[in-house]
Amino acid sequence: MALVTDVASTRRPAAARVTDRGAWFLVLPALIPILVLSVGPLLYGILLAFTDAQSGRTAATRWTGGLNFRDLLHDTLFWESFRIGLVWAVGVTVPQFLLALGLALLLNQELRLRRLARALAIVPWAMPEVVVGIIWRLVYNPDAGILNETLHDLGLGDGRDWLSGLGTALPAVIVVGVWAGMPQTTVALLAGLQNTPRELHEAAAVDGAGAWRRFRTVTWPALRPVALAVTALNLIWNFNSFALVYVLTNGGPGGKTRLPMLFAYEEAFRYGQFGYAAAMGCAMVAVIAVLLAVFLAGRLRGGEDA
């Protein structure tokens, strides 16, 4: 009996090593594209940020140390775009979450044609950002756009050029961002709602709890982890937005919608300052890392409290 036990104990680590090798073999097809298309360009961009790389330059690229970052600290245009990016990210994420929560609560009810409503709710999510931008440019068209035509028919004025006005461009773009990103938030919240046991709602209703009290004591505690994760991801995605704003306004008018990603794009591909643009990218990566650290700290703190 002891001999059998010794043989089993010697075989178990070998089997574990075989299993580990098999797991790595299965992971490699997904890991290689990530390393080649994500980690590699990221490391190259960080290296590029410490050089004076420019397009069309005949001289060799030189190592400049932290010169690009020192220039970035004094670049008021970049920090203005950074402020606009934060306004855009928060301005899109907050109403996006609130509207998606309301829609998810509605779609979670026993309604007629509920499946059709759920399918229609995710239509904006299935559309590429470029297509969404083109559609909304038509909606905001100052001469024949449906928005101005509707305002005119309601007697609310002749409309305006929403995407070219200094005071209306950013709010108009934020509206598009909310509309385009709300479906994915709705789907995530709806999945969280469907995982909440109905018995808890029924027990709260028997105890005399109203709709608001049931939401506050039953629905929200169960939905909170999903809500925190979705909000953090949306904040990061919205801060990194490029295609939608590029199609709608190209950063105009007067830089009022120039997000940090647009600013870095212009520096790199319009002015050829690859090293300086890479330094901007590093700054944005640092901000995203801070946001992720805050989110993970909050999750860990919540897990300890639980």
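This is a predicted model: local features need pLDDT of at least 70, side-chain atom pairs count only at pLDDT 80 or more; totals for chains, interfaces and linings use all residues.

User: At what angle do helix 3 and helix 10 pack?

Analyst: Helix 3 spans residues 76-107 and helix 10 spans residues 211-239. Their axes lie 10 Å apart, and the crossing is right-handed. The packing angle is about 145°.

User: How many residues of the contact of helix 3 with helix 10 are nonpolar, and how many are charged?

Analyst: Helix 3 contributes residues including Phe 82, Trp 88, Val 92 and Phe 97, while among those of helix 10 are Phe 215, Trp 220, Leu 223 and Leu 235. Seven residues of the contact are polar. The remaining division is 15 nonpolar and no charged.

User: Is Asn 238 buried or exposed?

Analyst: Asn 238 is located in helix 10. Leaving aside neighbours within four places in sequence, Asn 238 is in contact with Trp 88, Ala 89, Val 92, Thr 93 and Gln 96. Its relative accessible area is 9%, and buried means under 20%. Asn 238 is therefore buried.

User: How far apart in space are Phe 239 and Thr 93, C-alpha to C-alpha?

Analyst: Phe 239 also lies in helix 10 and is buried, with a relative accessible area of 2%. Not counting residues up to four places away in sequence, Phe 239 touches Phe 82, Gly 85, Leu 86, Ala 89, Pro 260, Met 284 and Val 287. Phe 239 and Thr 93 are 146 residues apart in sequence, yet their C-alpha distance is 9.6 Å.

User: Why are the buried residues of helix 6 on the same side of the helix?

Analyst: Helix 6 covers residues 129-139, and its buried residues are Val 132, Gly 133, Trp 136 and Val 139. What covers these buried residues includes helix 5, helix 7, helix 8 and helix 11.

User: Which residue forms a salt bridge with Asp 52?

Analyst: The count of salt bridges comes to four. Asp 52 is buried, with a relative accessible area of 11%. Asp 52 and its partner are both in the loop between helix 1 and helix 2, 10 residues apart. With the closest N and O atoms 3.2 Å apart, the partner is Arg 62.

User: By about how much of the helix are Glu 80 and Arg 83 separated?

Analyst: The side chains of Glu 80 and Arg 83 meet in a salt bridge, at 2.7 Å from N to O. Glu 80 is partly exposed at 33% relative accessibility, and Arg 83 is partly exposed at 45%. Because the two are three residues apart in helix 3, their separation is about one helical turn.

User: Which residues do salt bridges that share partners join into one network?

Analyst: Arg 270 forms a salt bridge with Glu 266, the closest N and O atoms being 4.0 Å apart. Arg 270 counts as exposed at 52% relative accessibility, whereas Glu 266 counts as buried at 8%. Through shared partners, one network joins Arg 258, Glu 266 and Arg 270.

Key:
Residues are numbered from 1 along each chain as its sequence is written. Side-chain values use heavy atoms; hydrogens and water are left out. Axes are lines fitted to C-alpha atoms, for helices over the stretch in contact, and angles run from 0 to 180 degrees between N-to-C directions. Helices (H or I, at least four residues) and strands (E, at least two) are DSSP runs, numbered from the N terminus. A crossing is left-handed if the near helix is turned anticlockwise from the far one by less than a right angle, and right-handed if clockwise. Contact means heavy atoms within 4.5 Å. Ala, Val, Leu, Ile, Met, Phe, Trp, Tyr, Cys and Pro count as nonpolar, Asp, Glu, Lys and Arg as charged, and the others, Gly among them, as polar. Buried means under 20% relative accessible area, exposed over 50%, partly exposed in between (1.4 Å probe, protein chains only).
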